[in-house]
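Here's a quick tour of the fold. Have a look at the structure first, then read on.

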Amino acid sequence: KTAFTYDVAAVGALADKDDVDFYKVSSAKNGLATVKLVSNSSDDFTVTVFADDGTTQLTSFVASSTNTTSTQFGVAEGFVYYIKVSAGSQVSGVNYTLTFNVTEYKYSEKEDNSTESAANDIAINATSGESEEYFGSITAGDVDFFKFQGKNSSYFFIDFKNTDTSNASLNLEVYAVVGTETREIAATDVTASAKAVSTANVGVKNATYFIKVTGADSSQTGAYTVKVTLKSTTKALETEYNNTEDFCNTMSLTGAKANSILMIGSTSYQDDVDIYKLDVTTSDKKYVIALNVDTTEDKDNPDARINKDGNFTVSLKDGDAKTATSTAPAEFEITEPGTYYFTVKKGITYTEGLYYFTLKSVEDYKKETKITDFQSFINAIKALDWGAFWNENSFGQLIDIIRGSGVIKELLRLSFGTIITWITGSAS
């Protein structure tokens with residue numbers, strides 16, 4: 001392996017089609033590198049770049065008279081890289097020059113970062129809540145991983161851009177660690193026509209989150225930037241991962257007033273599912289829970305950046321049975337104590353954005369009790385010795401029955417005729 005310096009050309013030659021030349025270079029900068037091979041021959045050369053382990057391929061291209069330069073790939077100051085030059089076609093005694101150039105970026109990916117364990121750290125400024133723009137590049141079949149630290153009572157969004165010279169179709173996905181596995185919580189993509197995009201706002205906790213960047217297919221190559229913004233909030237914000245009942249978020253009615261927000265959430269990728277649990281402990285209230293959308297868009301405001309087409313579906317589950325499914329905006333009445341699960345998904349089409357649950361109204365509620373609920377009460381009254389009603393014992397028994405029934409308030413709401421009908425047994 002011949003050592004040479006970045007930005008300085010190395011001169012080489014392939015003796016024949018089976019000849020291979022290796023070069024070793026150490027980067028003096030952090031940034032995005034390119035390798036350039038120029039020859040006065042019409043023959044082709046295959047140029048492959050490896051990471052410092054000598055085996056992990058970072059990029060490869062066929063150098064010809066019309067294509068002399070590799071795609072960009074991330075390098076780190078002080079790291080060693082290896083370049084292999086081999087024949088792309090019939091070659092005999094052909095000279096070439098080889099250069100290794102680095103465009104310096106203070107914040108850029110450092111290859112090899114193709115696994116979660118090798119993910120590059122993205123530092124977030126504690127005051128502004130923003131990271132710097134991190135530059136990266138995707139070569140054919142490449143995968144880049146980054147990671148950042150979330151914090152409780154906060155949400156993030158990610159700005160993802162093609163660089164000015166790139167028209168690649170690239171995918172960005174965000175993962176949370178759930179137990180021993182990673183689960184997707186957000187996604188977006190850039191293309192030649194949509195060169196700058198942002199994820200939806202996504203609530204997080206004090207945990208590590210991974211960003212994965214890939215080509216839309218194995219042929220895509222191009223440079224990109226990633227910037228993470230992490231904002232604190234006092235709002236009740238969805239915390240990912242919450243795609244199953246075991247990991248659901250909890251909404252609380254404690255202290256909630258009419259029109260107050262119970263939870264803000266987002267459909268942050270195509271197959272996102274958000275599940276919320278609501279415990280209702282009172283039996284004398286009627287709650288109207290609404291799922292709302294808006295037309296406001298402001299990515300710095302967790303109350304806004306709402307999906308404009310309102311394209312969400314929501315279902316309410318009581319126990320083991322789904323009781324309602326609706327397209328947002330939607331409302332649900334709850335009049336019974338119990339545990340309820342709300343499940344929110346994308347609608348017919350997908351547009352990332354926010355939604356929010358509100359307690360639309362709460363009011364006193366008395367359930368109409370059916371006749372069959374009074375049956376034991378009626379039977380006990382009919383069993384009394386009415387001929388001796390003024391007997392002290394019978395009167396005392398009647399008082400005990402009324403006190404123990406728990407239904408005296410309901411009886412007071414009924415007409416005298418209805419009560420007499422029940423007692424005489426003519427009501428069914």
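**An alternating strand**

Buried means under 20% relative accessible area, exposed over 50%, and partly exposed in between, with a 1.4 Å probe and protein chains only. Strands (E, at least two residues) and helices (H or I, at least four) are DSSP runs, numbered from the N terminus. This is a predicted model, where local features need pLDDT of at least 70, side-chain atom pairs count only at pLDDT 80 or more, and totals for chains, interfaces and linings use all residues. Residues are numbered from 1 along each chain as its sequence is written, and side-chain values use heavy atoms, with hydrogens and water left out.

Strand β26 spans residues 330–334, and its side chains alternate. β26 pairs antiparallel with β23 (residues 285–292) over five bridges; pairing takes at least two DSSP bridges between two strands. V288 sits opposite E333 of β26.

**Two cores**

A nonpolar core is a set of buried Ala, Val, Leu, Ile, Met, Phe, Trp, Tyr and Cys residues joined through side-chain atoms within 4.5 Å. The largest one has 29 residues, and F156, F160, I185, I211, V213 and V226 have the most contacts inside it. Strands supplying at least two residues each include β11 (134–138), β15 (181–190) and β19 (222–232). The largest share, five residues, is from β14. Apart from this core lies another of 25 residues, including F73, Y96, F100 and V102.

**The whole chain**

Overall, there are four helices and 28 strands. Of the 428 residues, 44% are buried.
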